[in-house]
Amino acid sequence: MNTRHRLLICFALAAFLPGHVTGQAIPVDQSYDTARDLFNMTVDTPPDPAMLARGQAIATHGAGDVQSCITCHSVGGQGDGSGSFPRLTGQPAWYLDKQLDDYTSGARPDDLMTTVAQSLSEDDRAAVSAYYASLAAPLRVARGQLPVNEIQKGAAIARAGSPEKGLPACTNCHGPDGTGNPPSVPYLAGQYANYMVLQLDRWRRGKRGNDFGGMMSAIARKMTPEDMRAISEYYERVANPLTTKDPE
Amino acid sequence: MNTGYSRRSVLFGLGAVMVGAGLPRHAFAALDSTPFSFLSGTEARSLALLCDTLIPQDDFPSASQAGVVDFIDLQLAGGYGRGEHLYLNGPHPEGTPEQGYQSPMPPAKLWREGLAAMQTLIGPLEGQPQSALDQLMTDLSEDKPELAGRVGGKSFFTELIALTNQGYFADPIYGGNKGYAGWHMVGFPGAYGYYTDTIDDDNRPYRQPPMGIGHEPGKTDFSTKG
Amino acid sequence: MARRLAKTDVVIIGAGWTGLTAAYELSHAGKRCIVLERGSYRHDADDFAAPKEHDELKYAVHHAHMINTRTETLTFRNNSNQRALPMRRLGSFLPGVGLGGAGIHWNGQLWRPLPSDLEMRSHYESRYGADFIPDDLNVQDWGVTYNELEPHLDFYEKICGTSGTSGQMADGPREGGNPFEGPRSTDYPNPPMRQPIGPTKFGEAAQKLGYHPFPMPAANATKEYTNPYGAKLHPCTYCGFCERFGCGYYAKADPIICVYDQIKNHENFEIRFKAQVLRVEKSDDGKTATGVTYLTDAGEEVFQPADIVCMNAYGLWNAHLMLVSGLGKPYDPKTRSGTVGRNYAYQTMAGVNVFFDDQVVTNPFMGAGALGTVIDDFNGDNFDHSNLGFLGGGYIACTQTNGRPINYQPTPDGTPAWGADWKRAVRENYLHHASLTVHGSSMATPVNYLDLDPTWKDAYGRPLLRMTFNFPENDRRMADYVMGKAHEIARNMENVKSTSASNRAAEGSDYSIVPYQTTHNTGGTVMGTDPATSVVNRFGQMWDHHNVFVFGAGLFPQNLGYNPTGPLMGVAYWTLEHMKNDYIANPRPLMDA
């Protein structure tokens, strides 16, 4: 399990918060491949410039036969609301890299992404993950009438689960207000409702199973399609300061 | 009980003894307009000196810099101080150490009397050299001094060290552990624990910065919360 | 005169593991059950959701999930020469309250008794001679054998989705499990928990010394799991807020998700909250119970008549209820007659702190209540006691349950308790420490017992339970011996800078109600085959009142070197089987006195 979760990003800690590092040398097991390093913490810390540049290049221009990421995931990385192309900005790099690994190995089957991921080298996958983790992009405002009842219902399940259905609350794992819990857990806040509904449905039907222990499948199987829609609509509208910025 | 003192004016009035070398890392600026709920100014100042003897400033904040005085103030003003989880029925004969807390006083009263008794021991705590405060603490822990009033030295010391420790390391929603000072110091990631993927990553340091119960995404310092 | 309610088939006192399980089984057997719980409703999904649940101060320090001593406590003394004083604050043990009881905040360490544990007197006498057990130890057989309990122990493991590696199957031994365990009819329902570096190093050292390490059996699901009642559990995330907390992840087995959710809508099931049982009422001839009197939420005293009374409160409170109700015969330590309150025992705890060098990063905040590696080589009679001078033993475990910073501050011996050096030691050792636990058995003696206090009362005007207990000499010697073995393992672990050992039952240390040890209070309502030395017969039925069935660790004649929940639930299912298949059709004493 460990060996598949590879490289990430090395963010400088010094700029982060005084006191965290001083006074305590954090040892690193020397037998590790130092390329397999840390987690990304927030997008506010300065990342490794060379890796980011490489990631940006792949994202913008593609690599070899592979089309560029921006073709589907948009120029800023914010995807679209169709359900097929999720927002990538600010997701934990470790998580993005794992998804690309899983697309490559078949652990997460997908018509489009499997080929894309398989055409990228390990280092390319890492670089592009790092790049997207460092981005912030404007929030795409959902159009149409606000489904207020759905949002309320979704909020309740997100925070307090459902005793009737045996559903744990999403906040248990998905971080403060669904903003994620690096390295492993992606944010839901600000992600497209259609994309999340699609993924929950895949979890439920067993078409996706690349998390540990079948956690998300178990959860999705306790949900009705209405629950899935409600939670997803709610989270799409939760502001996520880590991954969004105002439109210029 | 609303005593109307602002934290900053009370605590920073102490001068060099408390602030120590360099600026405090975690200031009380945001709380200036919030008075103490239980402690008087004198009590707060004494308490800051006592707490900072237990947890002094080094590469990491001292107890008072991390908000421990605020924490204790709120605890004593609330359910803990009132003894909401204490069986207080009498009579109250003294017991053996194995029989635990037997004081007839709820903690708020014990603290009030204890802090007052501190003043009778070596005079006002302010202005005392740190060595005298260290000696006082040692004596308290060994139950040595004859404290005025009904509070034993050891029983007050037990409360003092327990609440100081709690204030340094509890979730910041309780007023202490400002900016996650305590959690940064040891490397504790906080209230969001998802370690399924990393539990058996042998010897890999986990550098996720802390997130508490009231964490605002994107903020690493909790001091803007009241 | 209390208002009389409509009669029910079964009234069940307490909504913890045994109470809800009794309600499930008896409801399905066609009996109308009313569960009376003095606490409130709560539920994992909303009440135990992170991050609000992950509050060390509230739950681990201020004990918000546990009884409030203001309304429910006891008095304590080490021996009859002292005056017992109230336990004014929780400390040594943490009983529960509310739906699920202590089953919500438990560690989830789930064991089976050894076959020899259940027949301790017979076994020791047969192996070591009739004179081996000293007169001042009330060692007794349980009256039930491992083979009789096995299907029930097995079933409960499945109810909990227990994760582990089998060591002994009915058809022979297996690699990687506990070679000393009683033979199992089936495998653990879930694969074992994944071990972090600290327990791994312990296992390696233990193996090198010739012992048999295995992953601790845990009532935490390690993958998606459905239990025999239909409850769906989710894999554990090792969040480190396990013991003392409820699990919002549906990973730690608890009575709410495993049992309550699956029975709450059944037509034969009813539960009343904020219902404080004051007394069990007896018939005029004293041969049976007629029901219970309880205080409603509104403060009214009402009488609930029932054909069968099930006592499923926490072990200590079952004994208390019997004493204030006049059920059975109270134990008198002077004459040594009577049985209610007799054979109270606890758990004998010792430990070793292991401090690693900087090469080992333990990440202690990743943990679970039952996460760890264990050896059973020094438990029970798994080793030769011939010349050791004591009975019993305990498992040695390296567990990693939490790194919650208020209470987790390991520092080497000689570190001051406060000040700059203390502060530095705390942060230098936080990520480089492991702890070994010796979880030792606890023998019953004639001088350790429960009765009623003459002075202090509870919130309802009833005398408090009085606990008289100190560690018997036997257990001091046992703990010292096993701790020695643990310390030897610690010294043989790799990358170790220093170690330090401590024994709660060391010579010269009296049992103290202050520091937490375990919530494993046993005895007081002991089971057995002889009414002179037991309160209930081997079917959990009171000798004196044949329609009163008693559950919980109060039935243990002495405490084993294991956490009690597994064994007591095995006995609970055994009792329920006999109630369903025998007693109900023909109510009568199931054993001759």
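**Ground rules.** I am working with a predicted model, in which local features need pLDDT of at least 70, side-chain atom pairs count only at pLDDT 80 or more, and totals for chains, interfaces and linings use all residues. Residues are numbered from 1 along each chain as its sequence is written, while chains are lettered from A and ligands numbered from 1 in the order in which they are written.

**Chain A.** I looked up the elements and found ten helices and zero strands. Helices (H or I, at least four residues) and strands (E, at least two) are DSSP runs, numbered from the N terminus. Of the 248 residues of chain A, 48% are buried (20 or more other C-beta atoms within 10 Å of a residue's own, C-beta atoms being placed from the backbone). I then checked contacts (C-beta atoms, placed from the backbone, within 7 Å). Of those in chain A between residues at least 6 apart in sequence, 73% join residues at least 24 apart.

**Chains B and C.** Chain B puts 48 residues into the contact and chain C puts in 57. On the chain B side, helices H7 (130-141), H8 (153-169) and H9 (181-186) each give two or more residues.

**Sheet in chain C.** I traced six strands in an open, antiparallel sheet, ordered E8-E16-E17-E18-E15-E21. Strands pair if DSSP finds at least two bridges between them. E8 (214-215) and E21 (496-503) of chain C are edge strands with a single partner strand each, so one side of each lacks a neighbour in the sheet. E15 (348-356) of chain C pairs with E21(C) over seven bridges, antiparallel. There, C:Asn353 sits opposite C:Ser500 of E21(C).

Methods
Two residues are in contact if their C-beta atoms, placed from the backbone, lie within 7 Å. A residue is buried if 20 or more other C-beta atoms lie within 10 Å of its own, exposed if 12 or fewer, and partly exposed in between; C-beta atoms are placed from the backbone.
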